[in-house]
Amino acid sequence: MGTYTYPKFPYTAPADLQADAPQRRPLIIVGAGPVGLAAAIDARLKGLPVLVFDDDDTVSIGSRAVCYAKRALEVLDRLGVGDPLCDKGVSWNVGRTFFREKEVYRFDLVPDAGHKRPGMINLQQYYLEEVMVARALELGADIRWRYKVVGVQNEADHARLRVDTPDGTFDIEADWLIVADGARSPIRNMLGLEIEGRIFMDRFLIADVIMKADFPAERWFWFDPPFHRNQSVLLHKQSDNVWRIDFQLGWDSDPEEEKKPENVIPRLKAMLGDERPFDLEWVSIYTFQCRRMKDFRAGRALFVGDAAHQVSPFGARGANSGFQDTDELIWKLQLVMDGKAPEALLDTYSADRTFAADENLMNSTRSTDFITPKSRVSKVFRNAVLDLAQDHAFARRLVNSGRLSVPAFLTKSALNTPDSDSFAGDMVPGAPMDDAPIQRAGQDAWLLDQLGNRFQLLVFADSAGAVDAATLAQFKSLAGDAIAVEPVVVTPSGGQIDGVTVLADAQGLVARRYDAKPGTAYLVRPDQHVAARWRAFDPPRVRAAVARATCNA
């Protein structure tokens with residue numbers, strides 16, 4: 001018994017793509033998984049023509065990635081799919097960790113109020129992909145199903161692809177190629193590019209179980225539970241009464257044997273401890289990998305998601321970091337394709353996202369080492385930490401059942417304009433922006449829903465009336481630049497300014513989270529990261545920061 005009916009997307013013969021000489025397209029994306037689809041949607045939102053190839057004709061089989069973090073949800077909001085995904089998914093903020101029979105640690109991902117999205121939602125990947133396919137098609141993306149790239153060649157000003165279809169093989173060229181073809185990435189291999197890192201000698205069983213249970217919507221993780229001694233177990237709630245359960249098996253286990261229902265079902269019965277009925281929907285075995293490519297750009301090929309970097313699933317850093325890849329890549333690619341920025345801007349994509357990948361790999365590796373100790377001594381230490389954590393706060397900080405995905409603070413980015421004024425708080429240049437409740441035109445709204453897809457300047461003022469005619473003229477001048485900057489004024493009570501968006505910070509949370517005073521200005525990148533900030537609005541400094549943020553300085 002299953003809870004989901006897989007769609008079958010229509011195949012279209014390649015007659016329109018075949019010609020005596022290969023066609024040239026501005027942008028081709030290979031891979032219609034979550035990250036490739038995010039790239040396609042974002043490209044269409046920015047007016048870029050996009051052709052997508054995928055060698056399958058349906059969504060992913062099995063729930064696969066299930067945890068989507070707050071920052072990923074904010075990216076998905078910008079792409080126009082956040083609401084249906086959050087409506088369908090299971091929201092949660094609290095995680096609990098157990099050692100044997102006792103709870104030793106709990107956390108809250110969003111301890112402060114005043115955010116639109118929860119810390120996480122759990123949602124089967126097939127639902128996510130189905131919503132994203134519909135959105136991409138709505139925006140005019142050309143998605144070709146059962147198109148398998150079997151050859152690729154990097155040239156000076158394009159990439160050349162050989163594509164196999166049920167109606168034959170053809171060649172096509174792309175000014176730019178986004179590679180989102182997964183962890184095994186055939187294109188990465190065709191280009192002779194390596195991915196380096198660690199493969200962990202352990203195996204885990206994933207079981208998606210359909211059952212009715214009154215467990216809360218929380219992340220539960222057990223070390224050495226009585227129902228699975230000397231190993232670990234993870235429990236997550238998904239949609240449709242489907243529960244994700246991960247059992248650590250050890251490296252010596254036989255993957256094919258462990259996947260058999262007659263071996264999975266006794267494990268589940270031992271865990272659940274009662275006679276409740278359940279059905280197996282999906283079973284898989286996985287191993288940990290923490291690896292990345294040295295460079296995410298190879299000529300005209302730009303790598304995103306699992307094709308570029310791989311992490312262990314504990315911490316939900318895979319798909320979440322992939323969404324952040326495309327979030328940063330597409331606005332940069334648009335400027336390059338429009339001739340408004342040099343190709344060097346795409347090198348900063350690689351520099352910033354390899355920095356973020358290294359942070360994810362470090363946290364993922366630490367989690368994996370804690371969950372699967374590699375020696376008797378390290379296991380004794382791990383268990384001592386868990387024992388102490390029940391009563392001592394210092395030990396709780398050492399408990400690591402998977403440091404959960406957080407957005408990268410790109411503080412080392414060459415695109416940031418360093419602070420020249422004094423600020424408190426986390427909203428440093430390179431930071432992903434914090435959300436907060438606001439009002440727009442008298443209606444309740446959220447800050448991040450007003451930002452993104454273009455450069456903007458948040459300017460804080462006592463009131464709308466405090467913005468004088470000279471400042472308005474400077475706003476209009478910035479908005480008319482080749483790389484336009486849209487002014488957004490934030491005041492405690494809102495108001496109206498002709499031709500300018502005004503947001504009301506009635507609760508004062510925006511000012512508090514951004515350490516803002518009247519006159520403070522924040523330059524916001526199209527991906528909702530801080531590019532620069534000042535205590536006073538100064539158009540020449542804004543233009544210099546935009547030039548720096550686009551490699552035009």
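## Two helices side by side

Welcome: we start where α1 and α4 cross, and that crossing is left-handed (the near helix is turned anticlockwise from the far one by less than a right angle). The contact, meaning heavy atoms within 4.5 Å, is made by P34, L37, A38, I41 and L45 of α1 together with Q125, L128, E129, M132, V133, R135 and A136 of α4. These residues divide into nine nonpolar, one polar and two charged.

Two packed helices are described by the angle between their axes and the distance between the axes. Here, helix α1 (residues 34-45) and helix α4 (residues 125-138) pack at about 25 degrees, with axes 9 Å apart. The two are therefore roughly parallel (angles under 35 degrees).

## About the model

This is a predicted model, in which local features need pLDDT of at least 70 and side-chain atom pairs count only at pLDDT 80 or more, while totals for chains, interfaces and linings use all residues. Residues are numbered from 1 along each chain as its sequence is written, and side-chain values use heavy atoms, leaving out hydrogens and water.

## A sheet of seven strands

Now to an open sheet of seven strands, ordered β6-β5-β14-β15-β16-β13-β17, with mixed pairing (two strands pair if DSSP finds at least two bridges between them). Its edge strands, β6 (102-108) and β17 (279-286), each pair on one side only. On average, neighbouring strands in this sheet are turned by 15 degrees against each other, direction ignored.

Strands β13 (residues 204-210) and β16 (residues 242-248) run antiparallel and are joined by seven bridges. I206 stands opposite D246 in β16. Helix α10 (residues 376-389) lies across β5 (94-99), β6 and β14 (219-223), and runs at about 115 degrees to β5.

## A sheet of three strands

Three strands form another open sheet, in the order β12-β18-β21, and their pairing is antiparallel. β12 (195-199) and β21 (309-310) stand at the edges with a single partner strand each, so one side of each has no neighbour in the sheet.

Five bridges join β12 to β18 (residues 289-293), and I195 has M293 as its bridge partner in β18. Helix α9 (residues 344-371) packs on this sheet, touching β12, β18 and β21, and its direction makes about 165 degrees with that of β18.

## A buried glutamate

Last, look for E173 in strand β11 (residues 168-179). At 12% relative accessibility, E173 counts as buried (under 20% relative accessible area, with a 1.4 Å probe and protein chains only). Leaving aside residues up to four places away in sequence, E173 touches P22, Q23, R24, R25, I28, H158, A159 and R160.

Key
Axes are lines fitted to C-alpha atoms, for helices over the stretch in contact, and angles run from 0 to 180 degrees between N-to-C directions. Helices (H or I, at least four residues) and strands (E, at least two) are DSSP runs, numbered from the N terminus. Angles under 35 degrees count as roughly parallel, over 145 as roughly antiparallel, 65 to 115 as roughly perpendicular and the rest as oblique. Ala, Val, Leu, Ile, Met, Phe, Trp, Tyr, Cys and Pro count as nonpolar, Asp, Glu, Lys and Arg as charged, and the others, Gly among them, as polar. Buried means under 20% relative accessible area, exposed over 50%, partly exposed in between (1.4 Å probe, protein chains only).
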